[in-house]
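Look over the sequence and the structure below. Then work through some questions about the terms used to describe them.

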2 protein chains.
Amino acid sequence: MDTIVTRYLATWNATDPAVRDELLAAHWTQDCVYVDPLADVAGRPAVGATIAAVQGQFPGFVFSQVGEVDTHHGQARFQWGLGPAGEEPVVIGFDVVVTDDDQRIRDVRGFLDRVPG
Amino acid sequence: MDTIVTRYLATWNATDPAVRDELLAAHWTQDCVYVDPLADVAGRPAVGATIAAVQGQFPGFVFSQVGEVDTHHGQARFQWGLGPAGEEPVVIGFDVVVTDDDQRIRDVRGFLDRVPG
């Protein structure tokens, strides 16, 4: 499941729309659901648009894994950080990602642990 | 959503099968999914059987909420404890519970934070 988190964060870090769409097509299900405090969307195009909007809000920032991934039965919980590359994250979030039998992301339940004050 | 967690833990604490079935029928969807490190089940009867099995494993123990509930868009994350009533929990777990539009529990993604050594 570390691979799933790697793929998940790679999608969030893909600022080239073509690359992002490829990652969505390869690693997310068609009917994928993504819900965090600021978004409640379904389907690859909507997830891609959500990611693009966040990237636009934080230009140059990157997503990285924070701490360990805890996983079982195709579901993983982990923290991620968003900030300038190599620096302390400005935002820290927490997600539970659920995959289907083909290891594709089908459901993401996100929460925020640290937001800019 | 505090209500959802209250209903959720009430179901886990219902040792009378009739009461447990009533709570499942009232507050869980028919196709509810429950996945934790030791269980991966779907439907009220299977969830009820899972709860009964855990109760049988820890007779006299009760589930209680630990800390605050963080909720948005019909999904909640929170910790729970399992132990003798009024005492320090022996087991601490963490769940993300997702509800449908009628506030019924339809998806539970569980993890364990503390297990007996």
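The questions and answers below concern a predicted model.

Q: Why does Arg20(B) count as buried?
A: Arg20(B) has 22 C-beta neighbours inside 10 Å. The cut-off for buried is 20 or more. The count of 22 meets that cut-off, so Arg20(B) counts as buried.

Q: Where is Arg20(B) placed, and what is Arg20(B) in contact with, leaving aside its neighbours within four places in sequence?
A: Arg20(B) sits in helix α2 (residues 17-27) of chain B. Leaving aside neighbours within four places in sequence, its contacts are Thr11(B), Ala14(B), Gly48(B) and Ile51(B). Contact here is a matter of C-beta atoms within 7 Å.

Q: How far apart are the C-alpha atoms of Arg20(B) and Gly93(B)?
A: They are separated by 21 Å. Along the chain, the two residues are 73 residues apart.

Q: What makes β2 and β3 of chain B edge strands?
A: The open sheet has six strands in the order β2-β1-β6-β5-β4-β3 (chain B), and the pairing is mixed. β2 (39-42) and β3 each pair on one side only, which means they are the edge strands. From one strand to the next, the twist averages 20°.

Q: How do you know that β5(B) and β6(B) pair?
A: Pairing needs at least two bridges. β5(B) and β6(B) have eight, in the antiparallel sense. Phe94(B) stands opposite Phe111(B) in β6(B).

Q: Which strands does helix α3 of chain B lie across?
A: Helix α3 (residues 44-57) lies across β1 (28-36) and β2 of chain B. The helix runs at about 45° to β1(B).

Q: How do you know that the copies meet through the same surface?
A: Of the interface residues of chain B, 100% are also interface residues in chain A, so the surface is the same.

Q: What does each chain bring to the contact?
A: Chain B gives 12 residues and chain A gives 12 residues. On the side of chain B that touches chain A, β3 (61-72), β4 (75-84), β5 (91-99) and β6 (105-114) of chain B each supply at least two residues. The residues of that side divide into five nonpolar, three polar and four charged.

How values were computed:
Residues numbered from 1 in each chain as written. Chains lettered and ligands numbered in written order. Predicted model: local features only at pLDDT ≥ 70, side-chain atom pairs only at ≥ 80, totals over all residues. Contact = placed C-beta atoms within 7 Å. Nonpolar A, V, L, I, M, F, W, Y, C, P; charged D, E, K, R; others polar. Axes fitted to C-alpha atoms, helices over the stretch in contact; angles between N-to-C directions. Buried ≥ 20, exposed ≤ 12 C-beta atoms within 10 Å, placed from the backbone.
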